[in-house]
Amino acid sequence: QYSPDSVAGADGELDPSEVTFPGCSCRSSSCVAPECPCLRRGHNYSGACLRLAEQQEQPFSRPVFECNSLCCCGEGCQNRLVQRGLQLRLQVFRTHRKGWGVRALEPIPRGRFVCEYAGEVLGFAEARRRIQAQSLQEPNYIIAVREHLYDGRVMETFVDPTRIGNVGRFLNHSCEPNLFMVPVRVDSMVPKLALFAATDISAGEELSYDYSGRFHNGPGGSREHKPLEEENSLRKPCYCGSRTCASFLPWDSSLFSTP
């Protein structure tokens with residue numbers, strides 16, 4: 001079932017459509033920092049692109065908060081980007097060895113929002129139940145995103161587009177990707193998993209991101225560890241073909257562990 005936005009999972013633990021953030025009182029057609037409280041919370045856009053240079057100069061990435069449905073600014077506000085959804089021409093196609101993939105049908109400049117990784121938003125218990133119920137032959141679409149906060153806490157988001165999702169579910173992994181993922185918040189603390197162009201992308205080029213979250217994140221940002229020999233039997237081979245290919249797709253054993 002195609003859905004442009006993430007939806008509440010069958011476990012009913014999280015509802016991404018619930019509005020819990022207050023809106024800004026900006027009366028201008030487009031909000032500006034530092035007057036807008038939404039923009040003061042974190043990272044900003046510039047010309048419909050994420051400002052990558054600032055992000056790279058800091059040891060940790062700043063959060064992104066867009067204006068929401070309760071804000072007084074107009075629909076044309078520059079701080080409304082990911083919530084507008086897919087604006088580019090993309091194509092799902094059959095790859096040689098990786099199953100389905102996605103490619104751009106138009107040039108995409110560095111920093112431009114490409115698409116969201118949308119699906120059912122699950123709690124940890126349901127995400128683990130689903131992944132343990134899968135056979136080794138089944139493709140795994142469940143993504144686990146962990147945000148490490150300044151005070152040591154870790155916020156986890158699990159999205160499963162297996163049954164309900166959008167074009168993002170067909171994106172392949174690469175050890176040298178041209179996209180990177182950023183959690184973007186609009187109405188609540190449940191983030192949209194937004195994919196941005198990490199470099200200038202040509203028309204016809206396949207789109208990919210690093211499933212482990214290492215790309216454009218600080219060292220140690222991924223919980224992937226060097227797997228035990230017996231765990232290699234559970235891992236899937238990587239066919240990205242890059243010079244730095246790790247031979248296997250990223251591995252996170254936490255969803256396979258027993259309670």
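Okay, one term before we start: when I say buried, I mean under 20% relative accessible area. And keep in mind that this is a predicted model.

Let's begin with helix 3, residues 124–133. Its buried residues are Glu126, Ala127, Arg128, Arg130 and Ile131. So what covers them? Strand 8, at 120–122, and strand 10, at 154–160, are included in that cover. For the spacing, remember that an α-helix has 3.6 residues a turn, so residues three or four places apart point the same way. Have a look at the helix with that in mind.

Next, the hairpin. Strand 5, residues 90–94, and strand 6, residues 100–104, pair in the antiparallel sense, with five bridges. Five residues sit between the two strands, and in that turn glycine 99 has a positive phi, about 75°.

Now the aromatics. How many aromatic pairs does the structure hold? Seven. Take tyrosine 45 and phenylalanine 196: the ring centres are 6.5 Å apart and the planes are at 35°, so we call that pair tilted. What I like here is the sequence separation: tyrosine 45 is in strand 2 (residues 45–46), phenylalanine 196 is in strand 13 (residues 192–197), and they are 151 residues apart, so the pair links distant parts of the chain. Are these two buried or exposed? Tyrosine 45 has a relative accessible area of 4%, so it's buried, and phenylalanine 196, at 0%, is buried too. Both also belong to one aromatic cluster, together with Phe113 and Phe180.

Another tilted pair is tyrosine 209 with tyrosine 211, at 5.0 Å centre to centre and 55° between the planes. Tyrosine 209 is buried, at 4%, whereas tyrosine 211 comes out as partly exposed, at 32%.

While we're in that stretch, look at serine 212. You'll find serine 212 in the segment after strand 14, which covers 206–209. Serine 212 is at 13% relative accessibility, and because the cut-off for buried is under 20%, it counts as buried. Its side chain makes a polar contact with the side chain of aspartate 210, at 2.7 Å.

Last topic, charges over rings. Which ring does arginine 41 sit over? That's phenylalanine 65, with the charged end of arginine 41 at 5.4 Å from the ring centre. And arginine 169 lies over the face of tyrosine 141, 4.1 Å from the centre of that ring.

That's my tour; over to you.

Methods
Residues numbered from 1 in each chain as written. Predicted model: local features only at pLDDT ≥ 70, side-chain atom pairs only at ≥ 80, totals over all residues. Heavy atoms only, no water. Helix = DSSP H or I, 4+ residues; strand = E, 2+ residues; numbered from the N terminus. Buried < 20%, exposed > 50% of the residue type's maximum accessible area, 1.4 Å probe, protein only. Polar contact = N/O pair within 3.5 Å; in protein donor to acceptor, adjacent residues only side chain to side chain. Pairing = 2+ DSSP bridges. Contact = heavy atoms within 4.5 Å. Phe/Tyr/Trp six-rings, centres within 6.5 Å; stacked < 30°, edge-to-face > 60°. Lys NZ or Arg CZ within 6 Å of the ring centre and 35° of its normal.
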